[in-house]
Structures are given as structure tokens and as C-alpha cells.
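Please open the structure in a viewer and keep the selection tool at hand. The stops below are to be taken in order.

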Amino acid sequence: MNSSSSVPRRGILVGGAAAAVTGILASGAQAATASTVTKQPESSVSAKLKFGQDGKFKIVQFNDTQDGPLTDRRTLELMDKVIETEKPDFVLINGDVIDGQPKTATEVKQAINNVVQPMESRKVKWALTFGNHDEDSLSHGTDMTEAKMLDFIRGYKYNVNTREDEIFGSSNSQLLIAGSRGTKPKFGIWLLDSGRYAASQIAGQDFKGLKNYDWIRPEQVQWYRAASMAAERRHGKIPSLMFFHIPLWEHHHMWYGSQFTSNEADHAAAAKKHSIVGEKNEGVYTGAFNSGLFTALLERGDVRGAYCGHDHINSYMGNYFGIELGYGPGTGFGPYGKSGADKHQLRGARVFELDENAEGIYTSTRTVFAKDFGIDMNAARQPLDKPLPLPDH
């Protein structure tokens, strides 16, 4: 996350949106929007997420791995140790998978490949969302748009990102998790592309005084609503978690207990009201405009928690009017962290526990940190000697 950038906002790209799990697609068949949601044939679905025989399912959220083709080796060590310890059923890298270091298309693929190998090598299903930095290499002429990156990652055996459609962005997906018995979905995972940067001007007005990040578009919100309603008609209300890179305005409002001030003195009351736990060490760098997504989540009532990244040294979460809002801590050792010798103290991941036999199914979330795995916390970079081998695809 940067507070400003010379990289222009990408145009509206064709995005990935469709449901993928157990051969069942929750399409937005009744979405009356400018961009329609096209139902895909079941034969196109290769990703199958399913509760274990014990009725349990675990999700790990990594965030901001954000590095080049010579990824800091400790990023991979952290990912390896989290996966080995937690044994997740699904892993997400929630935006800013890479940064602007790659100079060629091959280097973009190498940078991505480095951070997906911890999952691929362990045969763990995984997906990613895109953040504001993933297309930064376009300034070097790599021509690797998010759409092309999506094509590349969908070639991995254990990737479960869905294919593209006409909705804004390139990582919108609905993934449904089938129960331990049969194919009926019991829980959902929503992925949204929160974009990159605001335009330099709109209607002749610049963004001075505003955050200059992109925002989730109305068509994405409508896609979520339509797909959610379609899934409910077919299967009943499906409890879910939602992931996107850039935080909502409500992430800010929850911490301070107010909309238009950022007074830390107000936080104690807000923390009690919203059961906030975790750290906030920098601002909440929202999109320039309020997307309205939170009101859609309230309306539908299926999303139990909405989690972001982007602000590497924020790790808090809380309950905001019945919906958890929170951060996954920054995972990558390459980008900025805390100051001085404490730079890497909050490198980590977030873990989510599901139990199909428990009320509400979603039972808990917690954070885990590199410092607790005995990983070297030295502030200096420790890049790989060479990129990991690329797959054949």
C-alpha cells in the first residue's frame, strides 16, 4: 500500500466472476445491471471445496506478499510454516500478490509463482484477489494485466479462482463449500477485486484531500446481491466470508466509533462497543468513494465477516453491526512494515475456523505471526538467490 502513486488506474478489465464448487454455479441470473452475470456450464468447474469428514474446514488468509522475482525468502518460510502448522483446506492471498519490480512478463510470473508454491507443493486449494500494486509492472512494459495474470494462475492445478466475465476487476469469485456429506453447499467464500487507484481527475476535479485508491463498483455489489439471492433460492441462506484488498470506509468507522473524525481518544468506547481486538499502526487507506458494499451485506445477511489487507501494519478486527470487519496482517517481508528494528513484527496471517455442525458454521478467527515461528526478524532484506522454477503451463 502506498498513499500515492504515479501509476495510473487501470481501465475496466474483464473480471473473474462465477461460482465454483461441487459442480454448482450460483449465477446472477436475475441481475438487471449494465454488466450481466453469465452462467458457466458445470463442465467448466474444476475447483471443489468440501468440508472434511470431521465437519471442519479451515481458511488461511495471507496478504501483501508484494515482492518481485527474488521474493524475500522469509515470506516463503512464513507461508510454509503457517500451512504446515494449520493444515488449511483453503488459502487466499488477499491482494498485492506482487509489486512493480518485474521488468518482463516472465519476471511477473516468477514473482507470482514464488508465493503460490507453498500451496501448490502441498496440494492445498488456493485463490487470490488483486490489489493496487499487482499491475505496477505495466510501467516497465511487461504487458501483464490482471486479466493475463488471472489466465496464468488458473493454470495451476490447485488454484480455484473462477474465470473472467464482464464485471469490473479480475478476481471476483463466489466459491461454495460443500458439506461433508453430499454436494449441498454449506458455506461460501466471496472474492472481490477492489481496484487500484482513483483517476487523476473526475469531472475536472482532482482528488486532493481524498484517499486516491479505487473502490468496489456498483456492478460488483449488484453481482454479489444477485448471486447471493440465486444461491439462497436454490440452497437456502448460505453463511459466508468475503475478502477484498482495500478496506471499506466502515473499517475506519468501526475503529473510531464515528464517521468523520479519527480521534484515538474515541477508540476505547468503540473497542468495547464493537469488540475490537488487534493493532492499528497506520491510517485506514480506503477507496476514494464509499462503495455501498457494507449496506448490501447488511441487506443480504449472509456474510459473517469482510476482511481486507492493504494496510500492512493493521491487524485488528471487530463486530460492526453484526458483521465482522477486519484485516489480515501483511505477510510479505519485502514491502514496508513497522519502523526501525520492529519492521517485521506484524508479518503474519489470519486463520478462520468453520464447523458445519456448529450454529452459524463460522466459529472463530485469529492471527498468527512470523515472530512466533522463530523466523529471523532482521530488518534487512533476504532475497532468494534465484526465482523458484516455473511450472510447465
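A cavity is, on a 1 Å grid over the protein atoms alone, a set of points where a 1.4 Å probe fits but cannot get out. Grid points are joined across faces, edges and corners, and a volume is the space filled by probe spheres set on the points. The model on display is predicted: local features need pLDDT of at least 70 and side-chain atom pairs count only at pLDDT 80 or more, while totals for chains, interfaces and linings use all residues. Residues are numbered from 1 along each chain as its sequence is written, and side-chain values use heavy atoms, with hydrogens and water left out.

**The whole protein**

Begin with a cartoon view, which shows seven helices and 15 strands. Helices (H or I, at least four residues) and strands (E, at least two) are DSSP runs, numbered from the N terminus. Of the 393 residues, 60% count as buried; that word means under 20% relative accessible area, exposed means over 50%, and partly exposed lies in between (1.4 Å probe, protein chains only). Among contacts (heavy atoms within 4.5 Å) between residues at least 6 apart in sequence, 76% join residues at least 24 apart.

**The largest cavity**

The structure holds three cavities of 30 Å³ or more, and about 80 Å³ of space lies in the largest cavity. Which residues line the largest cavity? Select Ser194, Asp214, Trp215, Ile216, Ile246, Pro247, Leu248, Trp249, Gly287, Phe289, Asn290 and Ser291; lining residues have an atom within 4 Å of a point. This lining divides into seven nonpolar residues, four polar and one charged. In this count Ala, Val, Leu, Ile, Met, Phe, Trp, Tyr, Cys and Pro are nonpolar, Asp, Glu, Lys and Arg are charged, and the others, Gly among them, are polar.

**Helix α5**

Next select residues 249-256, which form helix α5. Seven of its eight residues are buried, namely Glu250, His251, His252, His253, Met254, Trp255 and Tyr256. The buried residues of α5 pack against α6, α7, β11 (303-308), β12 (317-320) and β13 (323-327). Just after the helix, Gly257 takes a positive phi of about 70°.

**Lys280**

Now move to Lys280, in the loop between α6 (267-274) and α7 (293-300). Is Lys280 buried or exposed? Lys280 counts as buried because its relative accessibility is 16%. Its side chain joins that of Tyr256 in a polar contact of 2.9 Å. Such a contact is a pair of N or O atoms within 3.5 Å; within protein, one must be able to donate a hydrogen and the other to accept it, and residues adjacent in sequence count only if both atoms are side-chain atoms. The Lys280 side chain also reaches the backbone oxygen of Glu282 at 3.1 Å. Leaving aside neighbours within four places in sequence, the contacts of Lys280 include Trp255, Glu264 and Ile313.

**Two residues with positive phi**

Select His310, in the loop between β11 and β12. His310 has a positive phi of about 80° although it is not a glycine, and its relative accessible area of 0% makes it buried. Then select Ala203, in the loop between β9 (185-191) and α4 (218-235). Ala203, also not a glycine, has a positive phi of about 55°; with a relative accessible area of 74%, Ala203 is exposed.

**Ala380**

End at Ala380, in the segment after β15 (362-369). Ala380 is partly exposed, with a relative accessible area of 42%. Its C-alpha atom is separated by 9.3 Å from that of Phe333, 47 residues apart along the chain.

Definitions and conventions: On a 1 Å grid over the protein atoms alone, a cavity is a set of points where a 1.4 Å probe fits but cannot get out, and a pocket is an open set with protein on both sides within 12 Å along at least five of seven lines; lining residues have an atom within 4 Å of a point.
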